[in-house]
Structures are given as structure tokens and as C-alpha cells.
Amino acid sequence: MAGSRYWELTVAVPEDASEGLTNFVWELGALGVIEEEPAGGPAQLRAFFPSTADTAVLATRVDAYLAALDALGFRGGLPSRVAPIADEDWAEAWRAHFAPFAVGRRLVIAPPWEAPVPDGREVLTIEPGRAFGTGQHGSTAGCLMLLESIVERARPPRALDLGTGSGILAIAAARLGVADVHAVDSDPDAVSSAAANVERNGLGGRVHCAVADAATLEVAPAPLVLANLLAAAHRALAPRYARLVASGGLIVLGGLLDAEADDVAASVAAHGFARRDARSVEGWTSLACEHAPLRDRA
């Protein structure tokens, strides 16, 4: 796999199985997913994974998922293919599928190679890079919608973004009016991608990116914490959230399949958080939970 940093899994899939399979490959650790319809061929899903992924396990689990669809009466599609892909190849794949698009009432997300007319919205310029975070995934879109609502209502002066990826949530927070944003990720490549996107948006003085693990991060509690992770991570980090979110502050939890939302809400509730709002986009739920003031805990 010399000269390549990613694996590309490709599988033909019928429309009625597309959403479920997309969610499944995200759960397997996909960094990005593209759905497309090649000329003269069936619709296909392309999912990108890091070079460290076990390709035999990926192919086996996806094929087993397709077989299960067949057993349920769906056409599960053809067997999956996994192949190495070079940096420039996935970059071109994203360029072909990443056009400006609006999220919520105030945001529009655009790649660096295409500048949209703002039309009263805040433009977030995002080069996906290693982190693949463009806002197109339902989880990120839901987080952005909640963030927009929270900033408009609560006006938090500071925010903490855990697992920042491309930096999109941190950049959006700053664009929407948060004066000081601290963005962290345990992946150095993701932090480099986020820092470059911060500079593209002219926010170097307000958004600060660093390599750090949310499980061991030591910072002052913030009035707003953003955590677009996965359900298992939220359950594991629930005690830490109680230390990272200021009393009376809010945390936005992303990366939840709709069926996982109640369980994660219960996990953080055990550590002093009350569910206040939610958004569901394409099968993914994002939650806004308030850290109950000390006097309210009994």
C-alpha cells in the first residue's frame, strides 16, 4: 500500500438499503462516505477508511450485513470491494461531490475551490482533508443546527470542541459569535486539518487547535461543549463531561443513531445533565443537554 494512506470500500447497493448501509459503515469507522450512480451501472456506496483499518474484517462485516438484508427480503447488493487509494484520488472524489450547501438558518458550507454568494448567511470554508468533516453527514448537520440555536439564545463567550475533526463545529461556533473556541482531537492529522481550516476562515485569533484526548483533557469548564463523537464514546466520557461543562452550561452530543439517543441521554443524566433539545437528520440524532447547577442536584 505504498504511497497510499486510505482504503476505499466500494459496494453496489439498492436505494432502499442505502441509508442503513451508510449508517453501518460509519459505525465501522468510515472517515467519509459517498453515494453515487455511475453511468450505465447500479448505484454504489464508496466509504473511506484509514490505512490502519483491517480490510478483511471490513469486507466480511459489510458482506454479512448485505446477506442479512437479503434474508429480510431486501436486495442487499453485490459483494464489497476494498482497495488502497492515494491521497490525490480521494481528494478528487470529494471535489466531485462537495458543493456549497446550507445548514440551518444562518450557515452555508463551501469548499475552498467554490465561493458561494453569502445571501445573508455565514460562510464556512472547509477543506475536508484527512478529517473528512464537511457537514454533509446527518450527525454534523444536527450539531450545527443545535449550535446555531444555542448561540442565539445563550450567547456563550467560550466553547470547547472535543474530537474536532476538520474543525467545522469550532469554526461555526466562532462564526456565530462565540469569542473563544478551544478545539482538540487525539489525531494529529485531524488537528492539522482543523488548524488549516481555521486559517482559511480568518479565525486564527479566536479558534485554537491542539492535540489532546478528551478523556484526560484538563481545562477550565466551558459554558458550551461540542462533542460529535459516537455513542460508546459518550457513555465512556459522561463523567468527564461533568468536569468539562460549566454548571448551567450546555453540551451538544452528536454521532448518535436515532435508536441510541435515549440511552446516551440517560448515561449523561446520571452525571447531572438534563436533555433540553434534539435534532434528527437522516437517521442520526444530536442532543443538547444542560449541566444542572449544583443546587439543583439532589
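**A strand pair and a helix contact**

Glutamate 35 stands opposite leucine 45 in strand β3. Strands β2 (residues 32–36) and β3 (residues 44–50) pair in the antiparallel sense over five bridges; pairing requires that DSSP finds at least two bridges between two strands. Strands here are DSSP runs of E with at least two residues, and helices are runs of H or I with at least four, numbered from the N terminus.

The model is predicted, so local features need pLDDT of at least 70 and side-chain atom pairs pLDDT 80 or more, while totals for chains, interfaces and linings use all residues. Residues are numbered from 1 along each chain as its sequence is written, and side-chain values use heavy atoms, leaving out hydrogens and water.

Is strand β2 enclosed or open? Four of its five residues are buried, so β2 is largely enclosed by the rest of the structure; buried means under 20% relative accessible area, with a 1.4 Å probe and protein chains only.

I turn now to the helices. Helix α4 (residues 138–154) and helix α5 (residues 168–176) cross at roughly 25 degrees, and their axes come within 10 Å. Axes are lines fitted to C-alpha atoms over the stretch in contact, and angles run from 0 to 180 degrees between N-to-C directions. The two helices, α4 and α5, are therefore roughly parallel to each other, a term for angles under 35 degrees. In contact, meaning heavy atoms within 4.5 Å, residues of α4 including Leu144 and Leu147 meet residues of α5 including Ala172 and Leu176.

Methods:
Buried means under 20% relative accessible area, exposed over 50%, partly exposed in between (1.4 Å probe, protein chains only). Angles under 35 degrees count as roughly parallel, over 145 as roughly antiparallel, 65 to 115 as roughly perpendicular and the rest as oblique.
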